[in-house]
Amino acid sequence: MYGRLTVICGPMFASKTTEILKRILWARNGESKAVLVVKPAFDDRYSTTRIVSHDGLSVEAKAITKWEEVSTLAHDAEMICIDEVQFLTQPYFSDDIIECVRQLLREGKEVVVTGLDMDWQGEPFKTTATLGAMADTMIKLTANCTQCGQPATKTFKKSQNSEQIELGATDLYEARCNQHWS
């Protein structure tokens with residue numbers, strides 16, 4: 001039986017991590033599933049061993065730089081949850097996360113991932129976009145625009161440098177609607 005893929009995406013501050021945390025807690029407590037939680041080792045903003053939402057909710061996670069660090073655990077799990085999937089690319093991750101997810105699906109696993117759909121320049125993150133195209137369910141969340149409070153679908157970068165990937169939170173980024181993003 002082929003597995004099931006859910007992709008939860010959107011801009012920063014859209015509660016993507018909170019959404020996956022709810023799913024993890026429900027699977028573990030309500031359905032008694034064996035759940036593996038994975039995060040990029042690169043993302044150490046709040047913790048090196050937990051996925052943490054911006055409002056402080058968290059759960060234990062395996063921080064990885066290559067898939068073999070969790071492949072045995074993934075084999076034994078019924079559900080694999082991956083936070084911040086857009087960071088699972090070179091140079092932060094040595095494997096092809098798309099192929100890793102495909103293999104999990106071939107093994108009949110339920111996979112849930114979160115990720116930014118676009119960078120601060122409005123360019124799609126290839127990993128999130130590809131997984132979104134493969135998904136059985138895709139959930140696109142919005143945040144609240146920091147300028148007007150309307151639904152925000154974009155991430156605005158406060159600093160003037162041109163780095164595509166730069167770890168940060170409210171110190172560096174804001175959620176913005178289309179009107180206030182450009």
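Reader: Hi! Which residues of H1 are buried?

Author: In H1, Lys16, Thr17, Thr18, Glu19, Ile20, Leu21, Ile24 and Ala27 are buried; buried means under 20% relative accessible area, exposed over 50%, and partly exposed in between (1.4 Å probe, protein chains only). This is a predicted model, where local features need pLDDT of at least 70, side-chain atom pairs count only at pLDDT 80 or more, and totals for chains, interfaces and linings use all residues. Residues are numbered from 1 along each chain as its sequence is written, and side-chain values use heavy atoms, with hydrogens and water left out.

Reader: Thanks! What comes just after H1?

Author: Ser32, which has a positive phi of about 55 degrees.

Reader: New topic: how many aromatic pairs are there in the whole structure?

Author: A search finds 2. Rings of Phe, Tyr and Trp (its six-membered ring) pair if their centres lie within 6.5 Å; planes under 30 degrees apart count as stacked, over 60 as edge-to-face and the rest as tilted. Phe42 and Phe87 make an edge-to-face pair, 5.2 Å centre to centre with 75 degrees between the planes.

Reader: And is Phe87 buried or exposed?

Author: Phe87 is buried, with a relative accessible area of 6%. Phe42 also forms a tilted pair with Tyr92, 3.8 Å centre to centre and 35 degrees between the planes.

Reader: What do Phe42, Phe87 and Tyr92 form, then?

Author: One aromatic cluster! Tyr92 counts as partly exposed, at 22% relative accessibility.

Notes: Helix = DSSP H or I, 4+ residues; strand = E, 2+ residues; numbered from the N terminus.
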